[in-house]
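Here is a short briefing on how two chains meet. Keep the structure open as you read.

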Amino acid sequence: MSALIEELPVILGAFWLTVRLTLATAVAALVLGTVLAAMRVSPLGVLRNVAGAYVNALRNTPLTLVIVFCGLGLGLVLDVSFSESLSVNYLWLSIIGLSLYTAAFVCEAIRSGINTVPIGQAEAARALGLTFTQNLRHIVLPQAFRAVIAPLGSVLIALIKNTTIAAAIGVAEASLTMKSLFERHQEAVVPIFLGFALGFLVLTLPVGLLFGWLAKRLAVAR
Amino acid sequence: MSQTRASVLYDAPGPRGRRRNLLLTVLFAVALIVLAYLGYRKFAEKGQFDAALWEPFLQADVWINLILPGLWNTLSAAATAALIAVPFGFVFGMARLSEHRWIRIPAGAVVEFFRAIPLLIMIFFAQYGGSAVFGLTVTSFSAVVFGLVMYNGSVLAEIVRAGISSLPRGQTEAALAVGLRKGQAMRLILLPQAVTAMMPAIVSQLVVLLKDTALGFIVAYEDLLNAGARILPANFRNLIPAVIVMAVIYILINVGVGLVATWLEKRSRRSRKSTAAPVAPPDSVTAPATL
C-alpha cells in the first residue's frame, strides 16, 4: 500500500498518458472510420473495394503487429519522424497504429448503423432528388450515428484497454509503468496491480454508463 | 430482394451519372495509385524492395527453423487458452444465472472485473505476481495463457449467459413441469439449445483470442510475431518484409476461422432445433438489426 501512495504521481502521470493516447486516437479513428464507412456504401466500386479490403485486413491483424509495424517499421526503418524527442516520436507512431486499427472497427459500427436506417428514409431522400452525398450527410448518417452510440461506446472502451499495447514500442503508458513499478517494488506486486486495475475500471466503467445513457437519450424514435 | 441495402442510397445512374461515375472512378483510381506510388518510393528509397530482404521467404529452412516454430507456439498458446477458457466460460456463465446469491454475485464480480481491465496488465501481473506471491517461476507461455483465459473466459461467460437467457421461459417451465431437476433441465433442455445459438459468437471470440496471442511478443514469448519482428530481422535485417509476411499469415488464419463462424451462423439459422435467436457477442461493435 505504501508503495502505491509513494508512486502516486508516477501512476497518475501514466494514466494521463493513457487518456491522451485514447483521446487522440478516438478523434482520428472516428474521422477515418466515418470516411471508410462512406466509402464502403459509395456508388464507386473502387472505393467500396479499397475500404472493404482495408477493414478486413486490419480487423484480422493483431494490434500488436500493427503497432510494431508503425513503431519499428515506419519509425526505425523508414525514418518517419514527428519530433526530435524519441519518446514523443514513438507516442505519435503508436497513435497512428492505434488509429489505423480502431478505424476499421469504427467503420464496421457505422456501417451496421447505416443498415438500421429504414430503406424508406433513403428512398424518400432519393425521391426528393438528393444526391448520394446529400443523402448520407442529411438523412442517413445522422440517424446511423444515433443508432451506433452504444457500439461506438464499446469501441471506445476497447480502445482504452488497447492503448496498453503501445507498451510494445516502449510508450510509458499505464501498463508499462505498472511493469516497471513491479520491478521496483517486488514486495508490493498485488497492491500495485489492484491499483492499476482500479485505474482502468475508473476509466472504462463511466464510459460504458455514459454511452448507455446517451444511446437511450438519443435513440431515434420509430 | 435484388437491391442490396447500400444501393438504396443512390439512384441507378443514368447516362450522365454513368459518365460522372466513370470519371470519378478514374480520378480516385489515379489518386490511389499515386498514393501507392508514394509509399512505394518511400520503401524503395530505404531499399525495402531489395531481393536480399525478401529472398529468405523462399528458403525452406527459414520457414522450418524460424517461422513455423513461431506459428506453432502461437497456435499452441491459442489452443491451450481456448481449451481452458471455454469450460471457464460455461462454468461462470451458468454460475451467473444461479438462484443462489452467494454463487451469482462472486461469479458476476469475477466476470465483470476481468472484462474491464486490459489483457496486457493481467499478463504482466501473472509474470511478476506468480514469483512474488507464490514463489513460482512463471514462463511467458503460462503468463500469456493465464491472461487469455481470464479475459476470454469472462467474455465467453457473458456469451453463455446471453445464450441461456435468450431461450423462452417456457422451456425451463416445461422441463420442470415434467419433473426434471434444475440440473437436468439445464443439461438436457437449455444447454443443447443455447449452444446452437451461441456457437457463432463463441467462434468469433476464439478469433479474438488467437489475435491476442500476439501480446506474447511484449513478454518475449516466442510466437509468430516474435519470429517476424525479432528473429528474422536479427538474421536478415528485413523487419518490414518480415512483419508484412507475418500479417498475411495472421490474416489467412483468422479469415479461415471467421469463415467457420459464418458457416456455423448460417447453419444455426437454418436449423429449427433451437428456440433461441443467435446470440451477438457482448461488446459487439455492430448495431442490432431493427428490421
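Which residues of chain B does UniProt list for "domain: ABC transmembrane type-1"? The UniProt record, an unreviewed entry, gives residues 71-261 of chain B. Keep in mind that this is a predicted model.

**Chain B on its own**
- Residues 71-261 of chain B are 83% helix and 0% strand.

**Where chain B touches chain A**
- On chain B, 49 residues are in contact with 60 residues of chain A.
- Four helices of chain B each supply at least two residues to the side that touches chain A: α1, α5 (119-134), α9 (224-236) and α10 (239-270).
- The largest share of that side, 9 residues, comes from α10(B).
- By class, the side of chain B that touches chain A has 36 nonpolar, 7 polar and 6 charged residues.

**One helix pair across the chains**
- Two packed helices are described by the angle between their axes and the distance between the axes.
- Helix α3 (residues 45-59) of chain A packs against helix α1 (residues 15-45) of chain B at an angle of about 40°.
- The axes of α3(A) and α1(B) are 8 Å apart.
- From α3(A) come Gly45(A), Val46(A), Leu47(A) and Val50(A).
- They meet Thr25(B), Phe28(B), Ala29(B) and Leu32(B) in α1(B).
- The residues of this contact divide into 6 nonpolar, 2 polar and no charged.

Terms used. Residues numbered from 1 in each chain as written. Chains lettered and ligands numbered in written order. Predicted model: local features only at pLDDT ≥ 70, side-chain atom pairs only at ≥ 80, totals over all residues. Axes fitted to C-alpha atoms, helices over the stretch in contact; angles between N-to-C directions. Contact = placed C-beta atoms within 7 Å. Nonpolar A, V, L, I, M, F, W, Y, C, P; charged D, E, K, R; others polar. UniProt positions renumbered as here; feature names shortened; annotations may be inferred.
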